[in-house]
Amino acid sequence: MAKYLIDSIGCIKYNEFRKKFLILLFFYFLMSSIKSLTTKIIEFRDARKWKEFHTPKNLALSLVIETGELFEIMQWKKDQDILTDINKLKPQLEDELADIAIYLLLLAHEFGINLDTAIQRKIAKNWKKYPLDKKAEFEKE
Ligand SMILES: [Mg+2]
């Protein structure tokens with residue numbers, strides 16, 4: 001019995017370790033991806049000498065404008081029609097989401113914000129702000 005308990009604890013610890021390792025691995029790849037994409041975007045921008053135009057205000061404004069372009073694709077359409085036509089709309093949606101992501105990465109870069117750390121922090125805050133039991137209460141309403 002004692003051996004079973006010890007083995008069970010070992011298994012729990014192993015599973016906890018495995019879970020934490022996989023989470024770290026996920027964020028490592030996410031971090032590498034964000035860093036690598038930011039490097040490519042900066043390289044593209046600097047090759048065209050556009051840095052002087054990329055002030056924080058201009059980048060934030062561009063982020064909003066690109067979000068407007070995303071809305072434009074869906075303007076006047078019903079939610080169900082958007083989902084029905086998703087294959088037709090996807091190329092445009094991809095372009096606008098990419099534009100939004102590019103300005104988001106540029107803005108984070110200009111502010112010196114590590115976006116992957118910021119996202120992880122915000123997810124942790126959201127877990128505290130919206131615990132599962134609160135979600136269940138919300139769903140009852
Ligand atoms: Mg666009």
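Guide: The conversation below goes from the whole chain to single residues.

Guide: This is a predicted model, in which local features need pLDDT of at least 70 and side-chain atom pairs count only at pLDDT 80 or more, while totals for chains, interfaces and linings use all residues. Residues are numbered from 1 along each chain as its sequence is written.

Visitor: How many helices and strands are there in the chain?
Guide: The chain has six helices and zero strands. Both are DSSP runs numbered from the N terminus, with helices being H or I of at least four residues and strands being E of at least two.

Visitor: What percentage of the residues is buried?
Guide: Of the 141 residues in the chain, 6% are buried. A residue is buried if 20 or more other C-beta atoms lie within 10 Å of its own, exposed if 12 or fewer, and partly exposed in between, with C-beta atoms placed from the backbone.

Visitor: Which residues make up the largest nonpolar core?
Guide: The six residues are Ile-34, Leu-59, Ile-102, Tyr-103, Leu-105 and Leu-106. Helix α4 gives the most to this core, with four residues. A nonpolar core here is a set of buried Ala, Val, Leu, Ile, Met, Phe, Trp, Tyr and Cys residues joined through C-beta atoms within 7 Å.

Visitor: Let us stay with Tyr-103. Why does it count as buried?
Guide: Tyr-103 is buried because 22 other C-beta atoms lie within 10 Å. Tyr-103 belongs to helix α4.

Visitor: And which residues does Tyr-103 touch?
Guide: Not counting residues up to four places away in sequence, Tyr-103 touches Leu-59, Ser-62, Leu-63 and Glu-66. Contact means that the C-beta atoms of two residues, placed from the backbone, lie within 7 Å.

Visitor: What about Leu-105?
Guide: Leaving aside neighbours within four places in sequence, Leu-105 is in contact with Ile-34, Leu-37, Thr-38, Ile-41 and Leu-115.

Visitor: At what angle do α2 and α4 pack?
Guide: Helix α4 (residues 86-111) and α2 pack at an angle of about 165°, and their axes are 9 Å apart. The two are therefore roughly antiparallel to each other. Axes are lines fitted to C-alpha atoms, for helices over the stretch in contact, and angles run from 0 to 180 degrees between N-to-C directions. Angles under 35 degrees count as roughly parallel, over 145 as roughly antiparallel, 65 to 115 as roughly perpendicular and the rest as oblique.

Visitor: Where is Ile-65, and is it buried or exposed?
Guide: Ile-65 lies in helix α2 (residues 56-74). Ile-65 is exposed, because it has 12 other C-beta atoms within 10 Å. Its C-alpha atom is separated by 10.0 Å from that of Glu-96, 31 residues apart along the chain.

Visitor: Changing topic, what is phi of Lys-49?
Guide: Phi of Lys-49 is near 55°, a positive value in a residue other than glycine. Most residues other than glycine have a negative phi. Lys-49 is in the loop between α1 (2-47) and α2. Lys-49 counts as exposed because it has 8 C-beta neighbours inside 10 Å.

Visitor: And what is phi of Trp-76?
Guide: Trp-76 has a positive phi of about 70°, although it is not a glycine. Trp-76 is found in the loop between α2 and α3 (79-84). With 6 other C-beta atoms within 10 Å, Trp-76 is exposed.
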